[in-house]
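Biologist: I have a list of labels to check against the model. Let me ask where each one comes from.

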Amino acid sequence: MHKVGKIILLVLFSIIIAGGIGFLAYEIPRQGDSRKALDRNKEKTDTSASALDEEYTDDPSTGYILIGDSRFVGMDLACDITDNVTNHQYVVAKVGEGYNWFVNSALSQAEDIKKTHTWISKWKYVICLGVNDLWDLDKYKDEYLSLKNDYDLTLVSVGPTGPSAKVSNDDVTEFNNKLKDFCDRNSISYIDYNTVISREGFTTADGLHYTDAVYKRIYSIIEDGMKNNKVSPSTRSE
């Protein structure tokens, strides 16, 4: 019996040793696979981070700063211009404003945008002002002349108004004619959405501010013009 006991203990010891070797043979490769999986996940994460960096930091050909009054505020809300981080378009606009706000605040806000987007090497200013102060056209022209040598300017017509607006379309047309002539004489790009939506028809909420559908149409005209340097038809009355 003593001899049998020794044999049993020897068998059990052999089983334990064999089991331990089998566990190590299984666990070591498994840990290696886990490390590889972690490495793959890390590589994937690094790649995703790199792709995100490229999305936000690639140097685009041009950045656009759209400067305007309440109509640009409405267009921004209707078209989600500011919320689209990939189009490199930035809106500086304020309700009820005109020339004084433009020179005292808007231009400095535009400079702040440029400073925080240093990967953009070229900038275009797309400016649509005047409906709140049509009488200040000469002041606008003087400021545009002082800016044109340092900035790539595109000027946008003032849009038409509805029957209930205090601003008449005759005054808007006169302003646009003079602005267009000024642009022609000084080689400044000009986009005229006034003629297009006047011809196609438009609706307003209060005579001055457009509905979302009209804002989307205006934005498509402006975006096409500023990206392709197209100049819409003149509003000049022959």
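Modeller: Start with the cut-off: a residue is exposed over 50% relative accessible area and buried under 20%. Keep in mind that this is a predicted model.

Biologist: Why is Ser 187 called exposed?

Modeller: The relative accessible area of Ser 187 is 70%. The label needs a value over 50%. Ser 187 is therefore exposed.

Biologist: Where does Ser 187 lie, and what is noted about its phi?

Modeller: Ser 187 sits in the loop between H5 and strand S5 (189–191). Its phi is near 55°, a positive value in a residue other than glycine.

Biologist: Take His 88. Is it buried or exposed, and how do you know?

Modeller: His 88 has a relative accessible area of 13%. The limit for buried is under 20%, so His 88 is buried. This residue belongs to the loop between H2 and strand S2 (89–93). Phi of His 88 is also near 55°, again positive in a residue other than glycine.

Biologist: What makes Thr 195 count as buried?

Modeller: Thr 195 has 19% relative accessibility. Buried means under 20%, so Thr 195 counts as buried. Thr 195 is part of helix H6 (residues 193–200).

Biologist: Which side chain makes a polar contact with that of Thr 195, and how do you know it qualifies?

Modeller: The partner is Asp 192, at 2.6 Å. A polar contact requires N or O atoms within 3.5 Å, so 2.6 Å qualifies.

Biologist: How far is Thr 195 from Val 158?

Modeller: Their C-alpha atoms are separated by 10.0 Å. Along the chain, Thr 195 and Val 158 are 37 residues apart.

Biologist: Asp 192 also meets Ser 157. What makes that pair a polar contact?

Modeller: The side chains of Ser 157 and Asp 192 come to 3.3 Å. The limit is within 3.5 Å, so the pair counts. The Ser 157 side chain also reaches the backbone nitrogen of Tyr 193, at 3.2 Å.

Biologist: Is Ser 157 buried or exposed?

Modeller: Its relative accessible area is 0%. That is under 20%, so Ser 157 is buried. Ser 157 is in the loop between strand S4 (152–156) and helix H5 (169–186). Leaving out residues up to four places away in sequence, Ser 157 touches several residues, among them Cys 128, Asn 176 and Tyr 190.

Biologist: Cys 128 belongs to strand S3. What makes S3 mostly covered?

Modeller: In S3 (residues 123–128), 6 of its 6 residues are buried. Both faces are covered. One side carries Trp 123, Tyr 125 and Ile 127. The other carries Lys 124, Val 126 and Cys 128.

Biologist: How do you know which strands pair with S3?

Modeller: Count the bridges. S3 has 6 with strand S1 (residues 63–68) and 4 with S4. Pairing takes at least two bridges, so S3 pairs with S1 and with S4. Both pairings are parallel.

Biologist: What makes S4 and S5 a pair?

Modeller: They share 3 bridges, in the parallel sense. At least two are needed, so they pair. Val 156 has Ile 191 in S5 as its bridge partner.

Biologist: What is the strand order, and why are S2 and S5 placed at the edges?

Modeller: The open sheet of 5 strands runs S2-S1-S3-S4-S5, with parallel pairing. S2 and S5 each have a single partner strand, so one side of each lacks a neighbour in the sheet. On average, neighbouring strands are turned by 20° against each other, direction ignored. Helix H3 (residues 99–115) packs on this sheet and touches S1, S2 and S3.

Biologist: Last one: how do you classify the angle between H2 and H7?

Modeller: Helices H2 (residues 70–79) and H7 (residues 212–228) pack at about 95°, with axes 9 Å apart. Roughly perpendicular covers 65 to 115 degrees. H2 and H7 are therefore roughly perpendicular. Their contact has 8 nonpolar, 2 polar and 3 charged residues. Phe 72 and Met 75 are among those in H2, and Tyr 215 and Ile 218 among those in H7.

Terms used:
Residues are numbered from 1 along each chain as its sequence is written. This is a predicted model: local features need pLDDT of at least 70, side-chain atom pairs count only at pLDDT 80 or more; totals for chains, interfaces and linings use all residues. Side-chain values use heavy atoms; hydrogens and water are left out. Axes are lines fitted to C-alpha atoms, for helices over the stretch in contact, and angles run from 0 to 180 degrees between N-to-C directions. Helices (H or I, at least four residues) and strands (E, at least two) are DSSP runs, numbered from the N terminus. Angles under 35 degrees count as roughly parallel, over 145 as roughly antiparallel, 65 to 115 as roughly perpendicular and the rest as oblique. Contact means heavy atoms within 4.5 Å. Ala, Val, Leu, Ile, Met, Phe, Trp, Tyr, Cys and Pro count as nonpolar, Asp, Glu, Lys and Arg as charged, and the others, Gly among them, as polar. Buried means under 20% relative accessible area, exposed over 50%, partly exposed in between (1.4 Å probe, protein chains only). A polar contact is a pair of N or O atoms within 3.5 Å; within protein, one must be able to donate a hydrogen and the other to accept it, and residues adjacent in sequence count only if both atoms are side-chain atoms.
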